[in-house]
Amino acid sequence: AVFGDTVYLSLQGSPSGVYKLPKQGGASTLLASAATPYGIAADSDGVYWTEWGRGTIWMLPTGGSSPIPVATEQVYPRDLAVDERAIYWTNDEAATAISKVAKP
């Protein structure tokens, strides 16, 4: 995901987590550890991601240092998008549905 001058990415493997790096290149910075991060999005409010294995949708507010769960007990959440009001995602278990929660 790209927002402003920053690229956000989720990495599975070792070390897995959510990272940011400058759009023009440079070193990446770990924002949050996550075992199985998938979908990722960013906007002026923060960065968001799904954690497939834990069934959780996370948000790290802009300027914050601790991610907050915005939805739990999901069934393998994967793809994610945001707009001004809400966070949207898909679950592998319900491939024909899109879930939604209001932004915190």
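1. The structure is a predicted model. In the chain, the 7 positive and 10 negative charges have mean positions that lie 4 Å apart.

2. The secondary structure consists of 11 strands and 0 helices. In sequence order the pattern reads β-β-β-β-β-β-β-β-β-β-β. The chain is as compact as a globular protein of its length, because its radius of gyration of 13 Å is close to the 13 Å given by the globule rule for 104 residues.

3. The C-alpha trace spans about 40 × 30 × 25 Å along its principal axes. Of the contacts in the chain with a separation of 6 or more, 24% are between residues 24 or more positions apart.

4. Buried residues account for 34% of the 104 residues.

5. Ser16 sits in the loop that links strand E2 (6-11) to strand E3 (17-22). Its relative accessibility is 17%; since the cut-off for buried is under 20%, Ser16 is classed as buried.

6. Which residues does Ser16 touch, leaving aside those up to four places away in sequence? They are Leu11, Ser33, Ala34 and Ala35. With Ala34 there is also a polar approach: a polar atom of the Ser16 side chain lies 2.7 Å from the backbone oxygen of Ala34.

Note on methods
Residues are numbered from 1 along each chain as its sequence is written. This is a predicted model: local features need pLDDT of at least 70, side-chain atom pairs count only at pLDDT 80 or more; totals for chains, interfaces and linings use all residues. Side-chain values use heavy atoms; hydrogens and water are left out. Helices (H or I, at least four residues) and strands (E, at least two) are DSSP runs, numbered from the N terminus. The radius of gyration is taken over C-alpha atoms; the globule rule is 2.2 Å times the number of residues to the power 0.38. Buried means under 20% relative accessible area, exposed over 50%, partly exposed in between (1.4 Å probe, protein chains only). Contact means heavy atoms within 4.5 Å. Lys and Arg count as positive and Asp and Glu as negative; His and the chain ends are not counted. The place of a charge is taken as NZ of Lys, CZ of Arg, CG of Asp or CD of Glu. A polar contact is a pair of N or O atoms within 3.5 Å; within protein, one must be able to donate a hydrogen and the other to accept it, and residues adjacent in sequence count only if both atoms are side-chain atoms.
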